[in-house]
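Please open the structure in a viewer and keep the selection panel at hand.

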Amino acid sequence: MNINDQQRTRLSQSFARLNVQPLNNVNFSVSVGTAIPRDVRLQTLPSDIVEIVPQYRGYSFVAVRDEIVIVDPATYQIVTVLPRSGGSTATAPASSRSKVTFTDRDRDVVRRHTRASTERRTIGSSASSRVEIRRGERVPDTVEIEEFPETVYREAPALREYRYIHRDNRTYIVEPGERRVIEDFD
């Protein structure tokens, strides 16, 4: 569905005023044409959104991370993806990563995996164990960042784009592109 820049800006502003809790853990591609799972709870589009883009009448939406996903409720297919607030989606991911949250279930899956892997091997070399790791900071290149096994990604899809470090009974979730620690827990 084509909308112009003015409509896109007004839509972003309208959605920014809504108090909507975004989904952070999704196991589907957020792209036009994708059918989202039927268990995703859709919300009716507010009337001011339909005033801006009348073609959206009858459609629903769901907030996913930093985007608003417009969905045809009859087919559950994504018809449009918009940035949640002004600006472009191209610049949003870096800032949204620092705000990512994981569910208790995601944390439990990670804890089970890291306990099992700790029992099988010693983690960290002597060089990397001297480096301090802190949330929000970049992990030095000397520290090995590990990929979760496929079983973890199946149980906790939100973790698919992240890696981890486990040290001193703490697990650090790392965004691999920037090598930045975005979450830590014991």
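A residue counts as buried under 20% relative accessible area, as exposed over 50%, and as partly exposed in between. The model is a predicted one.

Stop 1: Select Glu-155 and Arg-112, which form a salt bridge with their closest N and O atoms 2.4 Å apart. Glu-155 belongs to helix α6 (residues 150–155) and Arg-112 to helix α4, so the pair ties together parts that are 43 residues apart in sequence. Glu-155 has a relative accessible area of 31% and is therefore partly exposed. Arg-112, with 45%, is partly exposed.

**Stop 2: within helix α4.** Select Asp-108 and Arg-111; their salt bridge has its closest N and O atoms 3.3 Å apart. Both residues lie in helix α4 (residues 104–120), three residues apart, about one turn of the helix. Asp-108 is partly exposed, at 38% relative accessibility.

**Stop 3: another salt bridge.** Move to Asp-141 and Arg-138, where the closest N and O atoms of the salt bridge are 3.2 Å apart. Asp-141 is exposed, with a relative accessible area of 60%, whereas Arg-138, at 45%, is partly exposed.

**Stop 4: the sheet.** Select strands β5, β6 and β7, which form an open antiparallel sheet in that order. The edge strands are β5 (163–167) and β7 (180–185), each pairing on one side only. From one strand to the next, the twist averages 25°. Five of the six residues of β6 are buried.

For individual pairs, display Arg-163 with its bridge partner Val-174 in β6. On the other side, Ile-173 stands opposite Glu-183 in β7, and Glu-175 stands opposite Arg-180 in β7. Glu-183 also takes part in a salt-bridge network with Asp-104 and Arg-107.

**Stop 5: the turns.** The hairpin of β5 and β6 has two residues between the strands, and Asp-168 takes a positive phi near 50° there. In the hairpin of β6 and β7, four residues lie between the strands, and Arg-179 in the turn has a positive phi of about 55°.

**Stop 6: a pocket.** Which residues line the second largest pocket? Select Asn-24, Val-26, Asn-27, Phe-28, Arg-65, Tyr-153, Arg-154, Pro-157, Ala-158, Arg-160 and Glu-161. By class, this lining has five nonpolar, two polar and four charged residues. The space in the pocket is about 190 Å³.

Key:
Residues numbered from 1 in each chain as written. Predicted model: local features only at pLDDT ≥ 70, side-chain atom pairs only at ≥ 80, totals over all residues. Heavy atoms only, no water. 1 Å grid on protein atoms, 1.4 Å probe; cavity = no way out; pocket = protein on both sides within 12 Å on 5 of 7 lines; lining within 4 Å. Points joined across faces, edges and corners; volume = space filled by probe spheres on them. Nonpolar A, V, L, I, M, F, W, Y, C, P; charged D, E, K, R; others polar. Pairing = 2+ DSSP bridges. Axes fitted to C-alpha atoms, helices over the stretch in contact; angles between N-to-C directions. Buried < 20%, exposed > 50% of the residue type's maximum accessible area, 1.4 Å probe, protein only. Salt bridge = Lys/Arg side-chain N within 4 Å of Asp/Glu carboxyl O.
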